[in-house]
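Here's a short tour of a structure, written for someone just starting out. Have a look at the picture first, and then we'll walk through some of its parts.

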Amino acid sequence: MTAVPVVPPVRGAAAIAIHSENLCRHYRMGDTLIRAVDGVSLEVRAGEFVALLGSSGSGKSSVLNLIAGLDRPTSGSVVVQYRDLAKLSREELAKYRLHVVGMVFQSFNLIASMTLTENVELPLRFAEVDRGQRQSMAREALERVGLRARMHHRPSELSGGEQQRAALARALINRPQLLLADEPTGNLDSHTGTEIMDMLRQFNRELGMTIVMVTHERALAERYAQRMIFLADGKLVDDPTNTPAAGNANAPGGRP
Amino acid sequence: MKIPDLAELALRNLRESLLRNSLTTLGISVGVASLVAMLSLGIGLQQLFSKRLAKSGLFDTVLVTSRRNLGGMGSERNDGGPPPGESRILDEPARQEIERLPNVLEAYPDIRFVSELRYDDKPHRTIISALPPSAKSNDAFEGMQGSFFSSDAAAEVILQKTFAEELVGKTPARGIDETNVADLAKPLLGKELTMLYSQRVASASAPSPLAPDAATSADGDIVGASYSVVSREQKLKIVGISDQDPESMRGPTRAKVFLPLKLAESLHVMQPADLRELSRAASDQPVYSSVSVRVKNPAQVQLVEDAIKKMGFGTFSILDASRGLQLVFRVLYAFLGVFGSLALIVASIGIVNTLVMAILERRREIGIMKAIGASDADVKRIFFAEAGVMGIFGGVAGVVLGWAIGQVINFGTNIYLKREGFPPEHLWAVPLWLVAFAILFAFLVSLVSGLYPAGRAARLDPVQALRYE
């Protein structure tokens, strides 16, 4: 953590969790240049619950990967919790992913060969937390998502909803300030999907955690997110709840 | 990640594809087994040889003579004497000087003479030589019947088997040694022999005061130029009979009867060298025809030889032969090591293959680990640990397997040796260092094999890895 360079907070802007400026992610596929993310500027305040909406291929997941530090921008910048991600080394980015952000995915992404406890404590292993402490933290996290009874089960023995709850427990184990969710309800039926979304809202409200959720379900976003950001072809597009930003790619997107 | 965590993760990951990883580990163990088997055969053979040779005293002994060439062979005999610079007398002060040289264990005179021994009133002529107390650990005296001399000046004698046979009147059949030494020991041990010898006495005086009480003056004094020779008798008790021939390297001049060194010195027996040193050996100071020098370690023989040569004496050692033998063993080791390692190299390719496969299979897992905060180094270490654990397991299993192969071959060889009428031998030696070396080597080879797969896993792009189903 100490090795991660921190951009000093600007007075009055202390509440900004994510700030991106003309963020681009281009890559080549054969002869064609794909502009997955093409000049996205946005700001998310600390403690906000934001939904990134768009059809498939709109670049919403790419934006999320850039914020998560899994990918690097081709140009532009993304600053999360005062860290300019483009300037971090691979090692520093790994530390950033370990301590600053938590991630949940559509396909849960639990490791099949490990029990729930082992899955949940895996980030703690990378953080070199002692074994005893690790186990009590993992138990606590699983209790929080109501999976205490399933601690020693493998992911394949659980329902989709339970797996996603375990993934949430894992995402929260290192107490990150930012939770990134990539279509968290995409593989779930509407009932369990609602359960997961309630849990996200609970974390947002009770723990003051900033949440960025990628989804293509507008209804879900409207119901849970405080703000929606729309993407199409890698660019920010008209946000119905915030007309001033509509069609203006240069303006910081989505001020509520 | 911490090492115990890594080891634990590696073990659980290896358990996930148990069959494949077991087969890879088996491959390593076969490689290690072949290496262990080959090297332990080499070590066993070398130990067998060097044990035999070291006990024979061949490799740590330097023979010192007062001439450049041993036994006066070569041109010197014709010259009638060595060049002045080299003509140093090998007497007691010289022996003491040699003994004080670094790395020298002891330097004792070679006392060797032909004499008549009486047993049961029958005379037997043979060559007699003196043994220092250190000869006790010689192979030939370690397993003999009876015991070694009770003291360095005791009036005792050890017989070589063939002479013992002669004493009891058994003539060995040509070619086959069938007489059991134990059968000879019964009638001979504890019995007395009478040795008739010629004592050298400085001319000025009557019988030397140094002569032991048992020695009795007899008639027939031979008067030399400056000293006289007196015939004497000495009673000797038979304390031991050696099955082996301790002086086999001396050929026809080898002794069959051995006396303690101090006793032999005190007898002042007339020796062949005395005749040659006639003019110089006038004093009572003993002059030796040769001195045997035992060196602490065969590796230091050359140093000692050089030092003695500088003092002006001739030296002889079997060092050159041993150097040749060492070269043979070094080549043998290299040869056996290369063949043994070949299997391990093949096994290491197996590790690379297994790990590359594992990376393809576990791409998504790598992506997940990176997404939740694993660094490149963490991922690299996980695959490294898996390679290392396979290496250690393979190494341990391989040592056991190699040891078992060795036991089987040892067993088989000994059945053969027994049938041919030879005593059993330990051809196979797996020293502890070889066990440690084999396991460490397997571990290192595995780590090297893991380098490429681990590096590849670490470089994996998490976004692509997560997309992969």
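How many bridges join β2(B) to strand β11 of chain B? There are 5 of them, and the two strands run antiparallel, with β11 covering residues 290–295. One bridge pair is V104(B) with V295(B) in β11(B).

A few ground rules before going on. This is a predicted model, where local features need pLDDT of at least 70, side-chain atom pairs count only at pLDDT 80 or more, and totals for chains, interfaces and linings use all residues. Residues are numbered from 1 along each chain as its sequence is written, while chains are lettered from A and ligands numbered from 1 in the order in which they are written.

Helices (H or I, at least four residues) and strands (E, at least two) are DSSP runs, numbered from the N terminus. Strands pair if DSSP finds at least two bridges between them.

Back to the sheet. In chain B, 4 strands make an open, antiparallel sheet in the order β2-β11-β1-β12. β2 (104–109) and β12 (314–316) of chain B sit at the edges with a single partner strand each, so one side of each has no neighbour in the sheet. From one strand to the next, the twist averages 25°.

Angles run from 0 to 180 degrees between N-to-C directions, using axes fitted to C-alpha atoms, for helices over the stretch in contact.

| Helix (chain B) | Strands touched (chain B) | Angle between directions |
|---|---|---|
| α4 (residues 92–99) | β1 (61–65), β2 and β11 | about 165° with β2(B) |
| α10 (residues 301–310) | β1, β2, β11 and β12 | about 10° with β1(B) |

Now for the place where the chains meet: 17 residues of chain B are in contact with 18 residues of chain A. On the chain B side, the elements giving two or more residues are α1 (3–16), α12 (363–371), α13 (376–419) and α15 (462–467).

Finally, the inside. A residue is buried if 20 or more other C-beta atoms, placed from the backbone, lie within 10 Å of its own. In helix α6 (residues 161–168) of chain B, the buried residues are K161(B), F163(B), A164(B), E165(B) and L167(B). G169(B) follows α6(B) and has a positive phi, near 85°.

Note on methods
Contact = placed C-beta atoms within 7 Å. Buried ≥ 20, exposed ≤ 12 C-beta atoms within 10 Å, placed from the backbone.
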